[in-house]
Structures are given as C-alpha cells and as structure tokens.
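Me: Please take me through the packing in this model by question and answer, with the cut-offs stated where they matter.

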Amino acid sequence: MLDFFTIFSKGGLVLWCFQGVSDSCTGPVNALIRSVLLQERGGNNSFTHEALTLKYKLDNQFELVFVVGFQKILSLTYVDKLIDDVHRLFRDKYRTEIQQQSALSLLNGTFDFQNDFLRLLREAEESSKIRAPTTMKKFEDSEKAKKPVRSMIETRGEKPKEKAKSSKKKGAKKEVRFLLTGSDGPVATSKAAPAEKSSLPVGPENGELSKEELIRRKREEFIQKHGRGMDKSSKSMKSDVPKEKGKKAPRVWELGGCANKEVLDYSTPTTNGTPEAAVSEDINLIRGTGPGGQLQDLDCSSSDDEGAAPNSAKPSATKSTLGGMFGMLKGLVGSKSLSREDMESVLDKMRDHLIAKNVAADIAVQLCESVANKLEGKVMGTFSTVTSTVKQALQESLVQILQPQRRVDMLRDIMDAQRRQRPYVVTFCGVNGVGKSTNLAKISFWLLENGFSVLIAACDTFRAGAVEQLRTHTRRLSALHPPEKHGGRTMVQLFEKGYGKDAAGIAMEAIAFARNQGFDVVLVDTAGRMQDNAPLMTALAKLITVNTPDLVLFVGEALVGNEAVDQLVKFNRALADHSMAQTPRLIDGIVLTKFDTIDDKVGAAISMTYITSKPIVFVGTGQTYCDLRSLNAKAVVAALMKA
C-alpha cells in the first residue's frame, strides 16, 4: 500500500498528488528536496525519512520529479515499475502543457491523472503477484544422474583413484628418521629416504642375518646414498654445541656516540627542589605570520595557475561577446538529448580522476551516478560537447557538496552564550595521530585574538605526554596573551587532573570551573581512538551525552582516502549506538588537518562532507598558530578538477 505519489516540477510547483493515507506528504518530500536534491546526492534513487521510504525519478528534459512514499517495513517489488509507467504516461499525455515551461501555464493546466494512476497501480500490483510456478527438480537433471553406475560402485580392498593419488603424495613426503648406532656409540641422526624405498626386501636371507649385521648393512647403504647429508648434519650438530660465553668489550666507533649516562643527561640539575627555569623560546616564530584573529580563505592554486590566469582572461572576454550570437544559433540549428551511453566514457574518466585525487572510491561512484541522473534526458546545445557538459555539472555538484545545509559560526554562537552567562563548550574527537591537540591550540589562539578567554580541558588521560603537550601550548599562548595586556585577566588556562581518570568527569568539572571563573570558551581535548574500539567509543559517547557540548568537531587528516568514509561512518554510528539519550548527539563539524602536505589531492574534503553532510569548519595548513584557514569551496573544486 502506498502512502503517497506526487509529481512536481524542479521549480517547486506540485502538478499532481495521490494521497493514500491521511498524513500529509509535505514533510517527507521537503526532507527529500533538502537532503538529496539540493545537496546533489542523487546517486541512489531511494531515501529514508523516519518510518517512510521514498523513491524518486528525475525527468531532466521536462524538469519534473516523480516521488512515491511507502512504509519502510514493506517490501514492495512493483514500485520501480510503477514509477517508470507513471513517468512515461504522464509525460506523453501532458507533453504540450509541460513544454511551455512557464509557471502560469503549469498553474492553469489541469492534470486529471487520478484514473490513469489507479489503473497503473492495479496493473503493477497484479503483475507482482503473478509468479511462474516452481517445479520440483527431477533426478535426471541432477549431477548424480550424469555419473555412470560403475563409478559409484566400490569393491572391498580397492581405493578410489583420487584417494590413491593423494596417498601416494603423502607417502612420498613421509620420511623416516633413523638412529645409526655402532660399537663406538651414536653416529648421527638424519632424515632418510622415503619409507617405500628404505624397506628391506623380504626373503630368507634377511632371516639369517643377525641384528648387528642388519644395522651395519643399513648404515653402509645410508652413507652411500646420503653422504652429503651426513656432512651437513655433522656440521649442524657441532654448531648446536653451546659456546662458552666470554665478556667482550663494546666497540667504540670513531664518529659515533656512547651509552654513558652522564653524557646523555641534558637536564639541568635542581637544587633543593627549586623548579627549573623556563626555556627561552622565540614567540614570534611559534605564532607565525598573518592576522591571527581573522581566518583567511584556503588557497589551493599553484604558481602555474597564477601565471596562466592573466592569459585565460582574454578568451573568456571574447567568449562572452560571442555568447549572444551562439545563443541565437542554438535555437536555429537544433539540440541533442543526452543519454547514458553518451556519458558513459566521460563519467568513467571522471571517476578515475576523482579516485586519483584521493576521493573515496564509493563516493566517486556515487558522484558520477548523481551527475548521470542529473543530466540524463537533458537537452544539450549543438555547440557544447558532452565532456564540457559533464565536467560543468560535476563541478557544480562538488561546490554544492562542500557548502552543506548548516553553516557553523563559532564567534556568533560564543557571543550568544555570553549573553546567557554560560561557557561555550567544544569537544574534539578523532583517531590517533591526526593532530587534535595541535589544532586545538590553533583554535585557542584564534579565539584569544578575537578577545575570548579559553579554558583547555585535558581529558586525554590515556596517552603519555598528552597533559604535558597541552601545558606547553598553554604556556606559549599565555606568553602571547599575558594578563597584563587584558587588564590582569587570565585569558588561557589548563584544567587537568592527571592520568587514568574518567574523561567525562574531568570535562564536567572543567565546565563548572569555567562557569564559576567566567571563561568564555571550554575546549575539551579527548584521547585518540580507533573507530573499531568499542570500549573507547562508549566512553566518548558518555562524555558527549553527559556534558552536552555546543559543538562536536571531528578532527581528520587530509591524507586519508577510503579510510575517511570508514572513520566518519563508524564514529557517527558508535555515538548513536552508545548514547543514552533518545536523540543522540552526532558530529557537528569537521577540522581537516595536514592540508599543506597533499598538494592538489584534496579529495578527503569531498569524502568527509559527502558522508556526514556537515561543514568543514577549520583547515590546518602548517605548524604555527596562524596556520588555520577556512574552507574555500571553489578553490578546492578547482584543485580537484585540475588535470
């Protein structure tokens, strides 16, 4: 049973709608438009919204969308056939009204499609019920019937051919270990020939020989056949004898060091427990160059692109002047409708290009499929090629993906939290070694430059040196923003309770401390964890559920490819599964690190935003505090599409 079936234009005008239940179809259809159609995620023609499954089909020639909705617990096999039939009949029946392509004509048009739809629905349901009768398999059709009777008869004492062959192979591999003894004692132990060849011939002569003669005879045959083996075995026996251990003086190299503790101890001695003096550091070198309070856009262009930019400006100007003439000629010469066969070779090259640029393989396939669905049936001008059309559509899709639904503005949210007299809490999470603590320090410096006080909560109680690393960053940030410059107010402080403690409890105490001391922002640093580690993911979900931070940032490096998809999917799934809240808190944004190490292979940005539909809030581009950027979608797409 269908809940609804609706037909509307891409401009938003509903042409016809069938309502199978009393519930309105506005909410699910709006969710489909907002999450799939506007976000260029049309690679799969199915979408799940709450308890409904929505399937849709795009008609790019007439700019129409056909959507059917039904309960997701139902398995309706006829839905795809029904959409195709309705699409074909509706387009053929109302072709003249749709071809006018004006809002007034569509509004004034009468689309009486109820009886035709019910007939198609009835035919689709009946066709799904009709199935070919299943016939039982006969003995003549089985593999056993094809074997002759003689091959299935086994006589007593005989072995099948396969078993006999396998037994021969096993017998050839078996080796007998003999102990050769004589009057002088044991001679050697070694691997002898196969058992079949080593067996003595059965005869009356063997019965006359004594036991010692048999052993002597056997030893002579063995030495003749395996003389070389004896030599090797004797050498191995000699080598097995343990040597006397003697004390050997360590060798001293001319240009090498030595393991003297006094030479290797570089720490300054402390007298009477007095603390060591602070290490002198170049604060300007640590700070970096550039305005710290204002995030600059990410620049992915190289020097070659800058040199080619002035030259490419002239052709664009001439192209724009000729655009009007070409636009008139398009209507006179004619047009072509794109098909899957036309785009197949171009899309294959685009998919390989995206994978080479570090886009995850599954994401690249879905992107090309979405572009194919978007362009299939679309009318292409005579003077435009298939390659340029597909490339332009892919660029538009990539820009749309990098500009997701929600934009994170931390400064505005922090000022809103200030008016409510509470601290703004940000939690950082991610896998091991991606740069969570380093980028937390960069974001702290950016907030300090904008006049906000920061409390850093050291909730990484597992990794050795994590608290000391944050303590070093806090000391350097305090040197850049001393209390003297801010009227005696402490602008940055570290809240830590040592190692081995509960991270959720430390975060809760840090938030309460920040509320009492009047800090504006609390940055919570968590331990790195792999996405498959269930106990650590449970602890992270507990920390987020108990403290309810305002922003949850996933820190990922730009070097990953397919691993980015696995990390984000499993992090979100673990946060949802291990959360105790009815509506679990998931990842709100992404911090992309090590962006300065990948040149133009910027595909990780596409993979992360496509999977989560969340924005990339910050991009780390270096090792100083000023090396923090905001994402420029057009620059990333230009670097991604560059050959």
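This is a predicted model: local features need pLDDT of at least 70, side-chain atom pairs count only at pLDDT 80 or more; totals for chains, interfaces and linings use all residues.

Reply: Residues are numbered from 1 along each chain as its sequence is written, and side-chain values use heavy atoms, with hydrogens and water left out.

Me: How many helices and strands does the protein have, and what percentage of its residues is buried?

Reply: Helices (H or I, at least four residues) and strands (E, at least two) are DSSP runs numbered from the N terminus, and the protein comes to 26 helices and 18 strands. Buried means under 20% relative accessible area, exposed over 50% and partly exposed in between, with a 1.4 Å probe and protein chains only. Of the 643 residues, the buried share is 39%.

Me: What geometry do the rings of F90 and F113 adopt as an aromatic pair?

Reply: Rings of Phe, Tyr and Trp (its six-membered ring) pair if their centres lie within 6.5 Å, and planes under 30 degrees apart count as stacked, over 60 as edge-to-face and the rest as tilted. The structure holds 16 such aromatic pairs, and in this one the centres of F90 and F113 are 5.3 Å apart with 90 degrees between the planes, which is edge-to-face.

Me: How many residues apart in sequence are the parts that this pair of F90 and F113 ties together?

Reply: Both F90 and F113 are buried, and they belong to one aromatic cluster whose members include W16 and F117. F90 lies in helix α2 (residues 79–93) and F113 in the loop between α4 (103–108) and α5 (114–129), so the parts tied together are separated in sequence by 23 residues.

Me: How are α2 and α5 oriented, roughly parallel or roughly antiparallel?

Reply: Axes are lines fitted to C-alpha atoms, for helices over the stretch in contact, and angles run from 0 to 180 degrees between N-to-C directions. Angles under 35 degrees count as roughly parallel, over 145 as roughly antiparallel, 65 to 115 as roughly perpendicular and the rest as oblique. The axes of α2 and α5 come within 10 Å and cross at roughly 150 degrees. The orientation of α2 to α5 is therefore roughly antiparallel.

Me: At what angle do helix α20 and helix α21 pack?

Reply: Contact means heavy atoms within 4.5 Å, and among the residues of α20 that meet α21 are L440, F445 and L448, with L470 and L477 among those on the α21 side. α20 and α21 are roughly parallel to each other. The axes of α20 (residues 436–449) and α21 (residues 466–480) are 10 Å apart, and the angle is about 20 degrees.

Me: Which residues does V399 contact beyond its neighbours within four places in sequence?

Reply: V399 lies in helix α18 (residues 386–401) and is buried, with a relative accessible area of 18%. Its C-alpha atom is separated by 8.5 Å from that of V636, which is 237 residues away along the chain. Leaving those sequence neighbours aside, V399 is in contact with A633 and V637.

Me: How many residues of helix α25 are buried?

Reply: Helix α25 spans residues 603–612 and is mostly covered. The buried residues include I606, M608 and Y610, and the count is 9 of 10.
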